[in-house]
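Here's a quick briefing to read alongside the model. Have the sequence and the 3D view open as you go.

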Amino acid sequence: MTFFDALDLIGTLAFAISGALTALHKRMDPFGVLIIAFVTAVGGGTLRDVLIGRTPVGWMQDLNYLYIITLGFVLVVVFRGKLLRFKLSMLLSDTVGLGVFTLIGIQKGLDFGVHPYICVALGTMTACFGGVIRDVLCVEIPVIFRKEIYATICILGGAVFFVLKEWQLPDTLVYLITSLVIIVVRLLVVKFNWSLPTLDLKPNQ
């Protein structure tokens with residue numbers, strides 16, 4: 001297993017835990033928790049793979065994804081008493097997934113020879129759209145559509161990735177720095193409550 005593959009599985013586990021915690025907050029039954037964990041973990045990657053023509057999609061070709069999602073589900077169910085007490089559990093799992101999956105999406109785009117701008121879009125999609133599906137199924141307004149800065153962080157991470165590539169740093173270092181920048185910025189956004197302005201509806205003058 002390469003370092004890149006390991007990061008992919010770490011992101012999958014993080015988003016599976018994020019989805020399962022959200023489902024538990026909604027008081028779903030075990031099957032519902034598992035489904036939400038699954039779509040959160042693979043939803044963005046599935047959409048990305050379909051768009052770039054990588055079929056069958058990733059999780060259909062590698063059972064490790066299903067094993068990791070199941071592990072995340074089991075961890076949340078077994079330790080739910082402790083995890084649900086701390087809002088930090090949800091934040092950390094979602095943040096790690098955001099950082100890692102942005103990177104994964106960008107690299108998959110490069111592997112298929114698409115333009116760097118499209119790679120950044122694919123990275124943002126990979127990181128965000130599993131959460132969009134999760135929130136829709138849980139009857140929440142998706143985080144990406146709220147005031148909170150979310151997708152913009154992925155775009156920032158994409159810019160960092162390509163700057164580091166231009167500096168010809170080793171791939172492992174590029175992966176680590178890109179993911180850490182996204183994770184740190186996301187935590188700062190939450191800590192200091194940074195947000196984008198909303199568009200107010202005003203009557204025509």
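Predicted model: local features only at pLDDT ≥ 70, side-chain atom pairs only at ≥ 80, totals over all residues.

**Domain annotation**
- The unreviewed UniProt entry carries the annotation "domain: Glycine transporter", which covers residues 6–80 and 92–165.

**Ser93 in α6**
- Ser93 belongs to helix α6, which runs over residues 87–111.
- With a relative accessibility of 8%, Ser93 counts as buried, because the cut-off for that label is under 20%.
- The Ser93 side chain gets to the backbone oxygen of Ser89 at 3.0 Å.
- Leaving out residues up to four places away in sequence, Ser93 touches Ala14, Phe15, Ile17, Ser18 and Leu21.

**Thr124 in α7**
- Thr124 is part of helix α7, residues 116–137.
- Its relative accessibility is 11%, so Thr124 counts as buried too.
- Setting aside residues up to four places away in sequence, Thr124 is in contact with Ala151, Cys154 and Ile155.

**Helix α9**
- Helix α9 takes in residues 171–192, 22 residues in total. From first C-alpha to last it reaches 32 Å, close to the 32 Å expected at 1.5 Å a residue.
- Its buried residues are Val174, Tyr175, Thr178, Ser179, Ile182, Ile183, Arg186 and Val189.
- Looking down the axis of α9, those buried residues fall within an arc of 150°, so they line one face of the helix.
- An α-helix has 3.6 residues a turn, so residues three or four places apart point the same way.
- Just after α9, Asn193 has a positive phi of about 55°.

Definitions and conventions
Residues numbered from 1 in each chain as written. Heavy atoms only, no water. Helix = DSSP H or I, 4+ residues; strand = E, 2+ residues; numbered from the N terminus. Buried < 20%, exposed > 50% of the residue type's maximum accessible area, 1.4 Å probe, protein only. Contact = heavy atoms within 4.5 Å. Polar contact = N/O pair within 3.5 Å; in protein donor to acceptor, adjacent residues only side chain to side chain. UniProt positions renumbered as here; feature names shortened; annotations may be inferred. Expected span 1.5 Å × (residues − 1). Arc of directions from axis to C-beta.
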